[in-house]
Amino acid sequence: MKDKINDPKFNIILIFIFEIIGSTIAFTADYSGAGMSAIIIKWIPAIIGLLTIIVYFVSSLFIKKNNWIITLIGIILIISVAVNIHLTNFN
């Protein structure tokens, strides 16, 4: 299990999976009163996912172990933002 936690391929796949889940949650929200800003709001979980991958790659250049912490922080951030977007009343 220790090898899977530090495996970059495993971490990138997890980030993409949760990015898709977060984007799906954000896209199902009711944006009837948001106007043009809804276009940007819908893509926030995907942007956070891409930023998490960039930070993961940069940190893997300097730190060889414990990069899974960045993956975990990114996943928590993606899901929490997506749920907050979904629960927000845009009217």
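**Notebook: helix packing**

**Entry 1: helix 4 and its neighbours.** I began with helix 4, whose buried residues pack against helix 2, helix 3 and helix 5. I took contact to mean heavy atoms within 4.5 Å, and buried to mean under 20% relative accessible area, exposed over 50% and partly exposed in between, with a 1.4 Å probe and protein chains only. Helices are DSSP runs of H or I with at least four residues, strands are runs of E with at least two, and both are numbered from the N terminus.

Entry 2: I worked on a predicted model, in which local features need pLDDT of at least 70 and side-chain atom pairs count only at pLDDT 80 or more, while totals for chains, interfaces and linings use all residues. Residues are numbered from 1 along each chain as its sequence is written, and side-chain values use heavy atoms, with hydrogens and water left out.

**Entry 3: the whole protein.** I looked up the secondary structure and found five helices and zero strands, in the order α-α-α-α-α from the N terminus on. The C-alpha trace spans about 45 × 25 × 15 Å along its principal axes. Of the 91 residues, 32% count as buried. I also noted that, among contacts between residues at least 6 apart in sequence, 74% join residues at least 24 apart.

Entry 4: Helix 4 has 19 residues, and its first and last C-alpha atoms lie 27 Å apart, close to the 27 Å expected at 1.5 Å a residue. The expected span is 1.5 Å times one less than the number of residues. I listed its buried residues as Pro45, Ala46, Ile48, Gly49, Thr52, Ile53, Tyr56 and Ser59. Viewed down the axis of helix 4, they fall within an arc of 155°, so they line one face of the helix. The arc is that of the directions from the helix axis to the C-beta atoms. On the face turned away from the buried side I found the exposed residues Leu51, Leu61 and Phe62. As background, an α-helix has 3.6 residues a turn, so residues three or four places apart point the same way.

Entry 5: Helix 5 covers residues 68-87; its 20 residues reach 29 Å from first C-alpha to last, close to the expected 28 Å. Its buried residues are Thr71, Gly74, Ile75, Ile78, Val81, Ala82 and Ile85. They cover an arc of only 140° around the axis, which puts them on the same side of helix 5. Ile73, Ile76 and Leu87 are exposed on the other side. I noted that helix 2, helix 3 (37-42) and helix 4 (44-62) are included in what covers the buried residues of helix 5.

**Entry 6: helix 4 against helix 5.** How do helix 4 and helix 5 pack, and at what angle? Their axes are 9 Å apart and the angle is about 170°, which makes helix 4 roughly antiparallel to helix 5. Axes are lines fitted to C-alpha atoms, for helices over the stretch in contact, and angles run from 0 to 180 degrees between N-to-C directions. Angles under 35 degrees count as roughly parallel, over 145 as roughly antiparallel, 65 to 115 as roughly perpendicular and the rest as oblique. The contact of helix 4 with helix 5 has 11 nonpolar, five polar and no charged residues. Ala, Val, Leu, Ile, Met, Phe, Trp, Tyr, Cys and Pro count as nonpolar, Asp, Glu, Lys and Arg as charged, and the others, Gly among them, as polar.

**Entry 7: helix 2 against helix 5.** The axes of helix 2 and helix 5 come within 8 Å and cross at roughly 5°, which makes the two helices roughly parallel. The residues of this contact divide into 13 nonpolar, four polar and one charged. Among those I identified in helix 2 are Leu14, Phe18 and Glu19, and helix 5 contributes residues including Trp68, Ile75 and His86.

**Entry 8: single residues.** Is serine 23 buried or exposed? At 11% relative accessibility, serine 23 counts as buried. Serine 23 lies in helix 2 (residues 8-27) and touches Pro45 and Ala46, leaving aside residues up to four places away in sequence. Both Pro45 and Ala46 are among the buried residues of helix 4. Alanine 38, in helix 3, is buried with a relative accessible area of 6%. The C-alpha atoms of alanine 38 and serine 23 are separated by 13 Å, with the two residues 15 apart along the chain. Lastly, I looked up asparagine 66, in the loop between helix 4 and helix 5. Asparagine 66 has a positive phi of about 65° although it is not a glycine, and is partly exposed at 45% relative accessible area.
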